[in-house]
Amino acid sequence: VYGTNYSTFAQASIGYQNIQRFKVVCAAMKNIREAYLIVKIHPYDNDFILYENIARNSGLQSYVIKKNVEILSLLQSCDLLVTHISAISYEAVLMDKDVILLSNENDLRSDDVWNFKSYGVAITVNRVEELEDYMRKLLFDSETKSAFKQSRKHYILEHAYKIDGFASERAKEVINNLGRN
């Protein structure tokens, strides 16, 4: 899954960066014939035809571009998320998905907002020629996948404790215990 970004802050330059990044993703995916690219366009992005033209002109064969689809459903079914400085990358890590963050030195925001780098839970790609190799490693290399899975397990424990549906029960217990002291 490739998620586009939208920002009202510096919208023109962000839009240009989105297009350049999308071209890079298409070029990498063109060479990974075993994978299928699903592009989720941001709800405020109105350039659906532009993305379609870029994908078609890049020679991609296996792709779909969607705008009005639930992103969490896409994340559940994907093996790898490629995005940039987006809250959805945090959601993907919490869902135990592999993540590649596209970045460059001209980004206006930090590319490690959630400490992914220090925990080793996502790969930040600064050079376009590295993207295809990292995508292949996270999609097909069992050692790489295992190492990132282990890092995510530690990250999730540190940042979300457990994702088991019992957070409310634990919070209730803590609140009740506070009243006893």
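Throughout these legends, "buried" means under 20% relative accessible area and "exposed" over 50%, with partly exposed in between (1.4 Å probe, protein chains only). This is a predicted model, so local features need pLDDT of at least 70, side-chain atom pairs count only at pLDDT 80 or more, and totals for chains, interfaces and linings use all residues. Residues are numbered from 1 along each chain as its sequence is written, and side-chain values use heavy atoms, leaving out hydrogens and water.

**View A. Strand β5 (residues 98-102) is mostly covered.** Five of its five residues are buried. Asp98, Ile100 and Leu102 point one way, while Val99 and Leu101 point the other way. Strand β4 (residues 80-83) pairs with β5 in the parallel sense over four bridges; pairing takes at least two bridges found by DSSP. Look for Val82 opposite Ile100.

**View B. Helix α2 (residues 48-58) has Tyr51, Ile54, Ala55 and Ser58 buried.** Down the α2 axis, these fall within an arc of 95°, so they line one face of the helix; the arc is taken from the directions from the helix axis to the C-beta atoms. Ile49 and Asn57 are exposed on the face turned away from the buried side.

**View C. Helices α4 (residues 87-94) and α7 (residues 142-160) pack at about 110°, axes 9 Å apart.** That makes α4 roughly perpendicular to α7 (65 to 115 degrees). Tyr90, Val93 and Leu94 of α4 meet Arg152, Tyr155, Ile156, His159 and Ala160 of α7, where contact means heavy atoms within 4.5 Å.

Key: Axes fitted to C-alpha atoms, helices over the stretch in contact; angles between N-to-C directions. Helix = DSSP H or I, 4+ residues; strand = E, 2+ residues; numbered from the N terminus. Parallel < 35°, antiparallel > 145°, perpendicular 65-115°, else oblique.
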